[in-house]
Each structure stands twice: as structure tokens, then as C-alpha cells.
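Biologist: Could you walk me through this one before I start on my own notes? I have the sequence and the coordinates open.

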Amino acid sequence: MTAENDPDTDSLRLTAEELAFLLSDPQSRADREERNARANRNRTERRRSDPAYAERLRNEDRLRQRRHRAKAAIGQPEREPDPPVPLPALSAADALRRLEDHLDAAATPQAAQLRRRPEALRRYAAAFELYRILSDRGERPTRGALAAAFATRLGLTLTPSQIQKLRDQVEGFARPGGPWHAG
């Protein structure tokens, strides 16, 4: 039996990364770490001072995530869209009143924080109404549809994360025990 085919020596072989690590100079590693730290500090500072640069980084990150999700979805069956959360047939004013009553009865720090923000409560009530209108087709409203509805009906331009939070809050308030539970 030759040493090339010996299973005992195969377990002792190093990968290219392990070999490179062992052969690298500790000083060059420290220099590389310092360069990386300096680059991160510069990038963070530029992101704070230049909104266009920060937006470009966010867009690139979103695109990278979208490509990663699309690549991971190759060969997977199409996911069924989530059904809409059932909401009671209320006007925005009634939804706002029920939300205020619910928050007055709740003793959580989040409820106290929301009680101090009437503009946020009105936005939630508007999101409730738009969600209910958009879900009449039997599908959960997408963030894009909600954003377009806010823009056309209310003249509000919201970020994707704000729309996501509004949709999550509407669905959360529609759970059992919430102010907008349909049951």
C-alpha cells in the first residue's frame, strides 16, 4: 500500500485555507485587520455624512439579498402566498377608536408609548382601512400595494421598512385579544 492511498495520511492533510493561515505572517494579519477596521470606520463615517452614499449601499444590499433569495429559490416549489388577516368591517374612525380603547386598557410600555403618539395611531387606522380594502381580492396586500395606496390616497410616501411595520402592526392588532380581531 502506498502513502498516497493511505487513509491515515488523508486525515492529516490541510486545506488550502488552513495551510495559508499557518504560513501567513502574524504581522501581515495584524496589518490587514487594521486596514479593514480603518476602512469600516471610513465607510461608517461617510454613510453618516452622505445620505446618497448610504442609500446606494442600502440599495446594493437589497439587490444582493434579492439575488441570494432568487438563487436559493431555484428548484424549490413556488410558495403559496400568505392569506390576508381577516379584519372586521370598520371605518377608519371606528378602528382608531377601538385601537385607542385597547391601548388605554393595556398596561405595557409599548401601549404607553403609542398613546403619546396620536399621529402614529391615525397612521395605523389608515393602514387598517387600506389593508382591508386591498385584501378584498383574497390576497395579503403586498408592501408595494400598501405604499402605493398610502401615496395615492393619503399623499404619504413611506419607506419599505415603515410599510412593513405598519402591515405587521395591522396583522398583530387583528390577532385574538387585539382591538381589530374579527372573531
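**Helix packing, salt bridges and surface**

Modeller: Helix 7 passes helix 8 in a right-handed crossing, and please keep in mind as we go that this is a predicted model.

Biologist: At what angle do the axes of helix 7 and helix 8 cross?

Modeller: The axes of helix 7, residues 118-134, and helix 8, residues 143-154, cross at roughly 115° and come within 10 Å. The two helices, helix 7 and helix 8, are therefore roughly perpendicular to each other.

Biologist: OK, switching to charges. How many salt bridges does the structure hold?

Modeller: There are twelve salt bridges in the structure. Among them is the pairing of Arg58 with Glu55, whose side chains meet at 2.8 Å, N to O.

Biologist: How are Arg58 and Glu55 placed in helix 4?

Modeller: They sit three residues apart in helix 4, which spans residues 51-73, so about one helical turn separates Arg58 from Glu55. Arg58 is partly exposed, with a relative accessible area of 40%, and Glu55 also counts as partly exposed, at 31% relative accessibility.

Biologist: And Glu60, which residue does that form a salt bridge with?

Modeller: Glu60 pairs with Arg56, and the closest N and O atoms are 3.3 Å apart. Because Glu60 and Arg56 are four residues apart in helix 4, they too are separated by about one helical turn.

Biologist: What about Asp50?

Modeller: Asp50 forms a salt bridge with Arg46, where the closest N and O atoms are 3.8 Å apart. Asp50 is partly exposed at a relative accessible area of 25%, and Arg46 is partly exposed at 41%. Elsewhere, Glu34, Arg38 and Arg41 are linked in a network of salt bridges.

Biologist: New topic: is Ile163 buried or exposed?

Modeller: Ile163, which is found in helix 9 (residues 160-173), is buried, with a relative accessible area of 1%. Its C-alpha atom is separated by 8.9 Å from that of Ala127, although Ile163 and Ala127 are 36 residues apart along the chain.

Biologist: And where is Ser49?

Modeller: Ser49 belongs to helix 3, residues 26-49, and it is exposed, with a relative accessible area of 55%. The C-alpha atoms of Ser49 and Ile74 are separated by 39 Å, with the two residues 25 apart along the chain.

Biologist: Last one: which residues form the nonpolar patch on the surface?

Modeller: That patch is formed by Leu14, Leu19, Phe21, Leu22 and Leu23, which together have about 540 Å² of accessible area. Leu22 lies in helix 2, residues 16-23, and counts as exposed at 57% relative accessibility.

Key:
Residues numbered from 1 in each chain as written. Predicted model: local features only at pLDDT ≥ 70, side-chain atom pairs only at ≥ 80, totals over all residues. Heavy atoms only, no water. Patch = residues over 30% accessible without salt bridge, like charges linked within 9 Å, V, L, I, M, F, W, Y side chains within 5 Å. Areas by Shrake-Rupley, 256 points an atom, 1.4 Å probe, with all protein chains shown as cover. Salt bridge = Lys/Arg side-chain N within 4 Å of Asp/Glu carboxyl O. Buried < 20%, exposed > 50% of the residue type's maximum accessible area, 1.4 Å probe, protein only. Axes fitted to C-alpha atoms, helices over the stretch in contact; angles between N-to-C directions. Parallel < 35°, antiparallel > 145°, perpendicular 65-115°, else oblique. Left-handed = near helix turned anticlockwise from the far one by under 90°.
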